[in-house]
Structures are given as structure tokens and as C-alpha cells.
Amino acid sequence: MENIQQQFVEMFGTEWGVMLFSLASNMTFIFAIVIPLLLGVAYLTFAERKIIAYMQIRVGPNRVTFFGIPWLRGWGQPIADAVKAMMKEIIVPTGANKLLFILAPVLTIMPALAAWAVIPFSPELVLADINAGLLYILAMTSMGIYGIIIAGWASNSKYAFLGAMRSAAQVVSYELAMGFALVCVLMMSRSLNLGDIVNGQQGNSLLNWYLIPLFPMFLVYLISGVAETNRAPFDVAEGESEIVAGFHVDYSGMAFTVFFLAEYSNMILVATLTSIMFLGGWLPPVDMEPFTWIPGFIWLLLKIAFILFSSFGFVQPSHTIAMIRS
């Protein structure tokens, strides 16, 4: 990195060289976060469909493949869904406010992506290591509610507006519980920096993780996170019998898809924060070989996958009952 920075300095001078190098490195880091995140969102939908199908003794997506490779059947389904969404027409209702109607999905997805700027994937892998990182995340995630309210209001539909009000009330209500749970973590770590929170859980084993002394707060935070992302059994904001599909009922095409990109991004974000706050982040469960051979960000990804599998609608009572009955 120092050699590359020196080349920038030689090409553009000291002041411009340092500034352009900083801009280029930050943009590279941003793409390194956003692109895997979007791919993770795409294949999270695939994993959800396959796991639920397995629990219900079905096959799930098994047609779309890559270049006809037999053992990749189904793995091309998220890509096909994305292409289909991009090819569909975005229909704007006649009485809608067109500017706000298009702006609402953007206001929903932007905070969901911006919050990842302060997430530490390892001691060295963090885009912005700011001291008030947790406060920044709470501020960013709270702004997503504006997109929901504007989406319900801009379409000029009472069904969408009622869905927006219900969704906004649910998000605001459970954010209070999440905030109180995080206060306990702050009291233990004495820091708002996410890296310091992880470092405060260092020790010889997982007994040093905040999961042990703060287990009730872990449950409160996890349940509140599931509720805030409208996952079952908290998907009351999308009551089909009275408000159809909620605030995005009038959206179609890519605008409709953006709302789900934001929802699944928030799911991964909540699972990531749960891993950082209570499960030691990038720390291994036991500080000894061979556990220390695995890089820290791999441990973080494994914890995120476990939280997503166990909490965010993959293991639902209705699916379990269907599996038992079968």
C-alpha cells in the first residue's frame, strides 16, 4: 500500500497524491463491502427458499443453473430473479407523487448500506473506525423509516398508507427495546466503538463473551431485530387480509425489489451486530489452535450465518409443524 501511495504522490504531487490515494482506497473498500453484501442478500433468499423447502420436504429452486453444470442447479435462481426484476416495468399510479414514489426506495436502501461503513470485520478490516460507531448505526437504521412512510404516502392509496403506519409503529416500538439492550452492552464495554466492544470480550474462551452475563438482553435484542425487519411471526405490517402487502403494495419491478434488498440487508446487519455485541465478533470460541488458524472475519461470517439460520424466519413454527405432519 505504501508503494502505491508513493506512486500517487509522484504522479500528482504530495497534496493531491495523498488525497486521491485516500479516495481510491476508500472507494475500493466500499465496493469490497457493498458487492459481497448484495450477493449475500441474493443468496440469502436462495438459502431461505431451499431450507424452508427442505423442512417441508420439498425441492425448492432447482432449475436455473450456470452453463448447464448439473450440480449447480438452483444456484442461478437469484441471478435470474434479479434480471427479471430489472426487465419489469415500474408502474407509477396515476394519483401518486412521482418524485416521492421513486425516492422512497432510495431512502430505504441508502441507510441500510451506509450503516456498514463502521462494521469491523476484523481488527484491520474496517472502513471507518469512529469512536461513536454504534451511535452512527442507530442513526442510520432509524432513517430507513422515512422511506417506509414516504412510500406509503406517495402512492396515494389508503391500503399502502395504513401499511406504512403499521410498519413505522412497529419499527419505532422495537427500536426502544433494542436501544435498552445495547445500553447494557455499553455499560459492560464502556465504549461506543464497535472494535472496542469486541476487544472487551477477549479471553481464553467464549465464557468472556457478553452473551453469558447479558443473555436476557441478547434475547431482547435478537427478538427486537427480528421484529424490526418484519420477519415472521412479526410480519403484521403485511397483513394480507386487510392491507394487502403493506406500504409497497403499489410498487413493481426494480423499485419493488429495492425494498427487499433493504429488508434483507437489515437482516444481515442485525445478525452482524448481534455477533459483534454478544458473540465476540471476529474472536474464536476458544483461543487455541486449531481455532486460531481460521481468520477472524471467517468466524464473524459463521456467527452471522448461524444467527440468520436460527432466528430470521428460517426455523419457523409453521414450517416445523408442516415438516412433522409430513
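In which loop is Pro290 found? Pro290 lies in the loop between H10 and H11, where helices are DSSP runs of H or I with at least four residues, numbered from the N terminus. A cis peptide bond, with omega of about 5 degrees, joins Glu289 and Pro290.

This is a predicted model, in which local features need pLDDT of at least 70 and side-chain atom pairs count only at pLDDT 80 or more, while totals for chains, interfaces and linings use all residues. Residues are numbered from 1 along each chain as its sequence is written, and side-chain values use heavy atoms, with hydrogens and water left out.

Two further loops contain backbone exceptions. Asn156, in the loop between H5 and H6, has a phi near 60 degrees, a positive value in a residue other than glycine. Arg190, in the loop between H6 and H7, likewise has a positive phi of about 60 degrees without being a glycine. Most residues other than glycine have a negative phi, and most peptide bonds are trans. Asn156 counts as exposed because its relative accessibility is 56%, and Arg190 counts as exposed at 77%; exposed means over 50% relative accessible area, buried under 20%, and partly exposed in between, with a 1.4 Å probe and protein chains only.

The helix H6 (residues 158-189) packs against H8 (residues 215-228): their axes come within 9 Å and cross at roughly 155 degrees. Axes are lines fitted to C-alpha atoms over the stretch in contact, and angles run from 0 to 180 degrees between N-to-C directions. H6 and H8 are therefore roughly antiparallel to each other, a term for angles over 145 degrees.

Leu194 can be followed individually. Leaving aside neighbours within four places in sequence, Leu194 is in contact with Val118, Ile119, Pro120, Leu134, Ile137, Ile276 and Met277.

Definitions and conventions. Helix = DSSP H or I, 4+ residues; strand = E, 2+ residues; numbered from the N terminus. Parallel < 35°, antiparallel > 145°, perpendicular 65-115°, else oblique. Contact = heavy atoms within 4.5 Å.
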